[in-house]
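Here are some notes to read beside the model, written as numbered points. Please keep the structure open while you go through them, and look for each element as it is named.

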Amino acid sequence: AAPGPCSYTTLRDEAVKLFNSLQQLELEQDPVPLMQGVLQTCLDLPPLVDEIYCQLVKQTTEPPAPGGQGDLHYWQLLTCMSCTFLPSLPILRFLRFHLDRTESRFPASEMAKYACFIREALGKTKGRECVPSLEEILVLMRRQEMICTVHCPGAPACSVAISSHTTAEEVRGHVARELVSRLGLSQSPNLFALYEQSQRREQPVGSATLLADILTRFE
């Protein structure tokens with residue numbers, strides 16, 4: 001389990017620990033748990049979000065081996081950050097300049113593809129209740145979407161492709177259209193709702209809730 005805020009030390013010490021984690025990230029064969037740990041620290045300690053953005057921009061500027069494994073690990077973490085947190089306005093301007101510069105210097109490269117993905121994500125990110133799940137991080141590293149399965153009473157389950165920004169309202173609308181088509185309910189006045197069900201509880205999902213946050217809670 002990720003540590004709670006009470007287990008942290010000073011912001012300065014945590015910033016140093018995060019810097020050391022970023023150094024380690026470059027050599028990790030399986031960077032996903034380390035990435036999730038960095039994201040969790042930023043969620044628990046919001047003042048460090050700008051710090052990590054700045055460090056990642058620094059690490060992806062003039063790297064020793066552009067497009068190498070270590071460089072791409074930094075870009076992948078930057079991708080996860082962009083789908084989870086918005087930096088302050090000055091850092092956001094600095095980051096967008098960095099993305100533009102990367103696309104200009106390395107067109108059609110993996111770095112440029114990540115830069116494009118990050119720019120689009122920053123336009124949609126509004127903040128998360130939970131950090132990305134391990135599955136979501138793996139998907140973001142490939143710049144792909146997740147598949148969410150919605151179980152429907154009286155009908156086969158619906159598989160819906162979702163991103164880090166997909167809301168429950170968007171999924172509900174997709175599933176409702178599927179059910180109307182499958183069951184011939186075009187004239188039905190019934191409404192549809194999404195429910196989150198676990199071993200202990202079942203509750204409706206708010207329209208603005210991000211499906212990715214629900215998947216993280218299940219993890």
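1. How much of the chain counts as buried? Of its 219 residues, 46% count as buried. Please bear in mind throughout that this is a predicted model. The chain exposes about 11,900 Å², and carbon and sulfur atoms supply 54% of that area.

2. Turning to the overall layout, the chain has 9 helices and 4 strands, and when it is read along the sequence these elements follow the pattern α-α-α-α-α-α-α-β-β-α-β-β-α. Among the contacts that join residues at least 6 apart in sequence, 68% are between residues at least 24 apart.

3. Begin with helix α1, which covers residues 11–25, and helix α2, which covers residues 32–44; the two pack at an angle of about 160°, and their axes are 10 Å apart. Because angles over 145 degrees count as roughly antiparallel, α1 and α2 are described as roughly antiparallel to each other. Their crossing is left-handed. On the side of α1 the contact is made by Glu-14, Leu-18, Ser-21, Gln-24 and Leu-25, while α2 contributes Leu-34, Met-35, Val-38 and Thr-41. Sorted by class, the residues of this contact of α1 with α2 are 5 nonpolar, 3 polar and 1 charged.

4. The loop between α1 and α2 holds Leu-27. Is Leu-27 buried or exposed? With a relative accessible area of 68%, Leu-27 is exposed, because a value over 50% counts as exposed. Leu-27 and Asp-71 are 44 residues apart in sequence, and their C-alpha atoms are 9.9 Å apart in space.

5. A second pair to examine is helix α3, residues 48–59, with helix α4, residues 69–82, whose axes come within 10 Å and cross at roughly 150°. That angle makes α3 roughly antiparallel to α4, and the crossing of α3 and α4 is left-handed. Which residues meet here? From α3 there are Val-49, Ile-52, Tyr-53, Leu-56 and Gln-59, and from α4 there are Asp-71, Tyr-74, Leu-77, Leu-78, Met-81 and Ser-82. The contact of α3 with α4 divides into 8 nonpolar residues, 2 polar and 1 charged. Asp-71, named in the previous point as lying 9.9 Å from Leu-27, C-alpha to C-alpha, is among the α4 residues of this contact.

6. Helix α4 also packs against α2, and here the axes come within 10 Å and cross at roughly 40°. Are α2 and α4 roughly parallel or oblique to each other? They are oblique, because the limit for roughly parallel is an angle under 35 degrees. α2 passes α4 in a right-handed crossing. Met-35, Val-38, Leu-39 and Cys-42 of α2 meet His-73, Gln-76, Leu-77, Cys-80 and Met-81 of α4. This contact of α2 with α4 has 7 nonpolar and 2 polar residues, and no charged ones.

7. Leaving aside residues up to four places away in sequence, Thr-102 touches Trp-75, Met-111 and Ala-112. Thr-102 and Thr-60 are 42 residues apart in sequence, yet 8.9 Å apart in space, C-alpha to C-alpha.

8. Finally, two backbone angles deserve a careful look. Glu-62 has a positive phi of about 50° although it is not a glycine; Glu-62 lies in the loop between α3 and α4 and is exposed, with a relative accessible area of 57%. Arg-143, also a residue other than glycine, has a positive phi near 55°. Arg-143 is found in the loop between α7 (134–141) and β1 (146–152), and with a relative accessible area of 23% it is partly exposed.

Technical notes
Residues numbered from 1 in each chain as written. Predicted model: local features only at pLDDT ≥ 70, side-chain atom pairs only at ≥ 80, totals over all residues. Heavy atoms only, no water. Axes fitted to C-alpha atoms, helices over the stretch in contact; angles between N-to-C directions. Parallel < 35°, antiparallel > 145°, perpendicular 65-115°, else oblique. Left-handed = near helix turned anticlockwise from the far one by under 90°. Contact = heavy atoms within 4.5 Å. Nonpolar A, V, L, I, M, F, W, Y, C, P; charged D, E, K, R; others polar. Buried < 20%, exposed > 50% of the residue type's maximum accessible area, 1.4 Å probe, protein only. Areas by Shrake-Rupley, 256 points an atom, 1.4 Å probe, with all protein chains shown as cover.
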